[in-house]
Amino acid sequence: MLEFVNVSKSFWTGKKRKVILDQASFRVEIGNSLGILAPNGTGKTTIINMMAGLEKPDEGEVLKACRVSFPLGFMGGVVNKHSGTENARYIARLYGLDPDYVEAFSRWLCGIEEYFDMPVGTYSSGMRARFSFSLLLALEFDIYLIDEGMPATTDAEFNRKAGSILRDRLASSTVVVVSHQAATLEKFCRSAAVLRDGQLHMFETLEEAKALYDYSTQG
């Protein structure tokens, strides 16, 4: 279970205060994947980061009684001057996992050959995306966080392998995905919410959420 209790979050843009959440309370239950619909620039990534513990709310609490992933594509725990090998083993120790397994799994899934033993700072953007995705899939979580704004990989073979593993993971896990397009949520979620005026409006079905989203964004 992942729960927001009276959470408020806002930013000063230099001209005005931008409210992301205003005393918002909601819960993500294990086994019930959630999609969040919101226009670009309204705070989707901030919500995902608060779920992961990367950002703190201004007020309220984010309660976690399960293993919540870092966002797909997040590279904050990776040290650029260290190699893929060193980073994979470091991340494994952070999560209390076998470094040999995490290294071997990431090396196999990445498919970047000798670059895995080179500093991550020398990787191309596509290689970095493959590496971060491989780390995410090397670790098992109860809830996976997916932000549509995260970098993607264009490598077809990697997408095939990683997509297959992710589908297997999601068959026994829960996912929270944020997007400005309902079609993105259809791949993962049956229930959905709409971020509007600092509140998350929860719905039983994606169709209901889409109706409010379309109404609130038209024009």
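Is F116 buried or exposed? F116 is buried, with a relative accessible area of 1%; buried means under 20%, exposed over 50%, and partly exposed in between (1.4 Å probe, protein chains only). The model is predicted, so local features need pLDDT of at least 70 and side-chain atom pairs count only at pLDDT 80 or more, while totals for chains, interfaces and linings use all residues. Residues are numbered from 1 along each chain as its sequence is written, and side-chain values use heavy atoms, with hydrogens and water left out.

The protein chain has seven helices and eight strands. These are DSSP runs, numbered from the N terminus: helices are H or I with at least four residues, strands are E with at least two. The C-alpha trace spans about 50 × 35 × 35 Å along its principal axes. Buried residues make up 48% of the 219 residues. Helix α1 (residues 44–52) is mostly covered, with eight of its nine residues buried. Among them are I47, I48, M50 and M51. Just after α1, G53 takes a positive phi of about 85°.

Nine aromatic pairs were found in the whole structure. Rings of Phe, Tyr and Trp (its six-membered ring) pair if their centres lie within 6.5 Å; planes under 30 degrees apart count as stacked, over 60 as edge-to-face and the rest as tilted. The rings of F116 and F131 have centres 5.8 Å apart and planes at 70°, so this pair is edge-to-face. The pair links distant parts of the chain, 15 residues apart: F116 is in the loop between α3 (99–110) and α4 (125–138), and F131 is in helix α4. F131 is buried too, at 0% relative accessible area. Elsewhere, ring pairs link F70, Y95, F141 and Y144 into a cluster. Y95 sits in the loop between α2 (84–94) and α3. Y95 is partly exposed, at 38% relative accessibility.

Salt bridges number 10 in the whole structure. Each is a side-chain nitrogen of Lys or Arg within 4 Å of a carboxyl oxygen of Asp or Glu. D58 and K9 meet in one, at 4.0 Å from N to O. D58 lies in the loop between α1 and β4 (59–64) and K9 in strand β1 (residues 2–12), so the pair ties together parts 49 residues apart in sequence. D58 is partly exposed at 45%, whereas K9 is buried at 9%.

R89 forms a salt bridge with E103, the closest N and O atoms being 2.7 Å apart. R89 lies in helix α2 and E103 in helix α3, so the pair ties together parts 14 residues apart in sequence. E103 is buried, with a relative accessible area of 16%. R107 also meets E103 in a salt bridge, at 3.2 Å from N to O. Both residues lie in helix α3, four residues apart, about one turn of the helix. Salt bridges that share partners join R89, D100, E103, R107 and D117 into one network.

Two residues other than glycine have positive phi values. Q23, in strand β2 (residues 17–28), has a phi near 50°. D197, in the loop between β7 (191–196) and β8 (199–203), has a phi of about 55°. Q23 is partly exposed at 39%, while D197 is exposed at 71%.
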